[in-house]
Amino acid sequence: MASRSTPTSAAAMSPAMQGDQLFAGCRYQERAGAPHKTALAYASLQVQGARLIESPFFPHGWALDVRQKTRAFFFEKHGPGAGVFDLEQQRFVQTIAPFEQRQFYGHGVLADDGGLLLSTESDAQGRGFIGMRDASTLRYLGDFPSFGARPHDCHLVEGGRVLAVTNGGGAAGEDPAPCVSYIDVKTRRLLDRHEMSGSAFNTGHMAPVSDNTAVIASAPRLGLGVDHAGSVSWCQRSETTLRGLPSVQDLAPRLLGEALSIAVLPREGLAVVTHPTPGLLTFWRLDDQSLSLVTPVDNVRGAALAGDGRSLWLSHGAQGSLSLLRMDGREPTLQPVLRQALMAGSHLLNYPVALAAALVARDEGLSKTLQ
């Protein structure tokens, strides 16, 4: 079902969305033919156009500091770059050095009531590690295994006691298999591990919807290009393998390339996944994991819950445009907000909404953030 595109303005937004602040990784040129630079792009309804926060690396995923609430840690995907940003002052603060010959793999979280920074990392052979740093001083404290290869996304569940990690695995046809591992943060012990069935997909990004279940977005396996399909799966901790969601097989020819970002809409009972290569959004029901809707959005990449709790901010198009996907009718309504926002990174951060969810998760657990 196609979405509708209509113009919008700040005045047309609900009061709950007036305070939304959007951040995403950015690559840009100051002039044609000039070298590309990297930055963190920022936009809000109170700002005319996007602002760029210069960065020495291309920001991918983040961890929000629940103690110093304007502070955020961003990570490069598959590279040595990581650093601290002040989101209120909109400035880059300092770099975080990788450990020895390791590289960051894109994501991190704050554990131990916000005092411990955990990040997904790998060595040159792809072996997976979770790096540990003091969140205040950034002092490196050691690591523990990710229990897989090329770990990428990570989230805390069970009130912060358990770390869920997606491990992308080896190249197509090679071990180890892509998997999701659940690890006890205190003891660093593997609690359970769930492999991807078949050899066509990795395990990329995840969105926990409870302590025991998560939606998984997959790109084609390492070594396979965008002419191969991505996938959406369901991780159930009572099952040993990931389960492909119903009807995704029918969509496979259209879901070429990676399934990228996931946004959960608790009030709608939906998980929304972006598919940049075919330019599609897929909507999945949380109750029975069935496919609810497919709608086109050109080169859609990032997705973030808006302040009203019902709409989604989307980054899409060649210039990283910013639009609002409203869910208050029989079909989604796409409303352009800012063209050429340069928000071309893989993810979109709505800072106030994400920080509020992180604080609730710290204090009350994951289930409260999804109500």
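The following paragraphs lead through this predicted model from its overall architecture to individual residues.

The protein chain folds into three helices and 30 strands. Its radius of gyration is 19 Å, close to the 21 Å that the globule rule gives for 371 residues, so the chain is as compact as a globular protein of that length. Along the principal axes, the C-alpha trace extends over about 50 × 45 × 45 Å. Of the 371 residues, 56% are buried. Among contacts with a separation of 6 or more, 48% are made by residues 24 or more positions apart. The accessible surface amounts to about 15,300 Å², and carbon and sulfur atoms contribute 48% of that area.

The structure contains 11 salt bridges. One of them pairs Arg 102 with Asp 143, with an N to O distance of 2.7 Å. Arg 102 is located in the loop between strand E9 (91-95) and strand E10 (103-111), whereas Asp 143 belongs to strand E13 (residues 140-149), so this pair ties together parts that are 41 residues apart in sequence. Arg 102 has a relative accessibility of 11% and therefore counts as buried, while Asp 143, with a relative accessible area of 25%, is partly exposed. The pair also belongs to a network of salt bridges that links Arg 102, Glu 121, Arg 133 and Asp 143.

A further salt bridge joins Asp 192 and Arg 237, whose closest N and O atoms are 2.8 Å apart. Asp 192 sits in strand E17 (residues 190-195) and Arg 237 in the loop between strand E20 (231-236) and strand E21 (243-244), so parts that are 45 residues apart in sequence are tied together by this pair. Both Asp 192 and Arg 237 are buried. In the salt bridge between Arg 243 and Glu 239, the closest N and O atoms are 3.3 Å apart. Arg 243 counts as partly exposed at 31% relative accessibility, and Glu 239 counts as partly exposed at 28%.

Asp 20 presents another arrangement. This residue lies in the loop between strand E1 (4-5) and strand E2 (21-28). Asp 20 is buried yet has no salt bridge, and the nearest side chain of opposite charge, that of Arg 326, is 9.7 Å away. What does the side chain of Asp 20 reach? It reaches the backbone nitrogen of Gly 307 at 2.9 Å. Beyond the neighbours within four places in sequence, the contacts of Asp 20 include Ala 43, Ser 44, Leu 45, Trp 313 and Asn 350.

Ser 311 occupies the loop between strand E26 (303-305) and strand E27 (312-316). At 2% relative accessibility, Ser 311 counts as buried. Its side chain makes a polar contact of 2.8 Å with the side chain of Asp 308. Not counting residues up to four places away in sequence, Ser 311 touches several residues, among them Met 17, Leu 265, Leu 324 and Arg 326.

His 205 is part of strand E18 (residues 205-208). With a relative accessibility of 5%, His 205 counts as buried. A polar atom of the His 205 side chain lies 2.8 Å from the backbone oxygen of Leu 260. Leaving aside neighbours within four places in sequence, the residues in contact with His 205 include His 60, His 107, His 152, Asp 153 and His 347. His 205 and Asn 167 are 38 residues apart in sequence, and their C-alpha atoms are 9.6 Å apart in space.

The backbone also deserves attention. Most residues other than glycine have a negative phi, and most peptide bonds are trans. Against this background, Asp 175 and Pro 176 are joined by a cis peptide bond, with omega about 0 degrees. Pro 176 lies in the loop between strand E15 (162-167) and strand E16 (179-184). Glu 100, a residue other than glycine, has a positive phi near 45 degrees. Glu 100 is found in the loop between E9 and E10 and counts as exposed at 62% relative accessibility. Arg 188, likewise not a glycine, has a positive phi of about 65 degrees. Arg 188 belongs to the loop between E16 and E17 and is partly exposed, with a relative accessible area of 39%.

Conventions. Residues are numbered from 1 along each chain as its sequence is written. This is a predicted model: local features need pLDDT of at least 70, side-chain atom pairs count only at pLDDT 80 or more; totals for chains, interfaces and linings use all residues. Side-chain values use heavy atoms; hydrogens and water are left out. A salt bridge is a side-chain nitrogen of Lys or Arg within 4 Å of a carboxyl oxygen of Asp or Glu. Helices (H or I, at least four residues) and strands (E, at least two) are DSSP runs, numbered from the N terminus. Buried means under 20% relative accessible area, exposed over 50%, partly exposed in between (1.4 Å probe, protein chains only). Lys and Arg count as positive and Asp and Glu as negative; His and the chain ends are not counted. A polar contact is a pair of N or O atoms within 3.5 Å; within protein, one must be able to donate a hydrogen and the other to accept it, and residues adjacent in sequence count only if both atoms are side-chain atoms. Contact means heavy atoms within 4.5 Å. The radius of gyration is taken over C-alpha atoms; the globule rule is 2.2 Å times the number of residues to the power 0.38. Accessible areas come from the Shrake-Rupley method with a 1.4 Å probe; for residues, only the protein chains shown count as cover.
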